[in-house]
Amino acid sequence: MLGRAVLALVLSVCTTYGQICTDTNINTVARVVFGEARGEPMRGQLAVAYSIVNRKNHQGYPNTINDVVYQKRSNGREHQYDTLDLPGHTRAWNDAKNRNTQEYQNAIKASGDALCNRERDPTGCATDYCAFDPCHSTTSNSWWTATNKIQIGNHYFVCRVPASG
């Protein structure tokens, strides 16, 4: 019976990754990885990419890559990922993409590795991260408890589970 459960889980994961492993999704995630983690070690860039995949699979976030990436803050104006609201980051992304720089290639690789499940998630489950700790992204609140905090490069990553009580 356990064998069937494991097989069902594997098939579910393969189906999920097969559905999100597209050029469009890789480019969308790479834009965030480039803006949020450019200059970080590849493991840190991979962790940022996986945080998007983990959000897609988490009950507290939208269930598509595009909806996760372009989700707005509660004020309805700013994106959850600050890089998307900074014109200088957009110009840098477009320039790097046009010149096919190493930074662009690294962001594409990290995103593809996460979305296509070619590399293991270095965080295990992180949905949130911050460049300093503590911050609102790495602390618990009345709805979610932050767990499994890990520092990779210059970012702190946490997983989210429903708060008990």
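Contact means that heavy atoms lie within 4.5 Å. The model is a predicted one, in which local features need pLDDT of at least 70, side-chain atom pairs count only at pLDDT 80 or more, and totals for chains, interfaces and linings use all residues. Residues are numbered from 1 along each chain as its sequence is written, and side-chain values use heavy atoms, with hydrogens and water left out.

**Exercise 1.** Determine whether His-79 is buried or exposed, and list what surrounds it.

Solution. Begin with the position: His-79 sits in the loop between helix H4 (65-69) and H5, helices being DSSP runs of H or I with at least four residues, numbered from the N terminus. Next, take its relative accessibility, which is 12%, so His-79 counts as buried (buried is under 20% relative accessible area, exposed over 50%, partly exposed in between, with a 1.4 Å probe and protein chains only).

**Exercise 2.** Describe how helix H5 packs against helix H6.

Solution. First, H5 (residues 87-99) and H6 (residues 102-115) meet at about 95 degrees, their axes 8 Å apart, where axes are lines fitted to C-alpha atoms over the stretch in contact and angles run from 0 to 180 degrees between N-to-C directions. This makes H5 roughly perpendicular to H6, a term for angles of 65 to 115 degrees. Then name the residues: Trp-93, Ala-96 and Lys-97 of H5 touch Tyr-104, Ala-107 and Ile-108 of H6.

How values were computed:
Helix = DSSP H or I, 4+ residues; strand = E, 2+ residues; numbered from the N terminus. Parallel < 35°, antiparallel > 145°, perpendicular 65-115°, else oblique.
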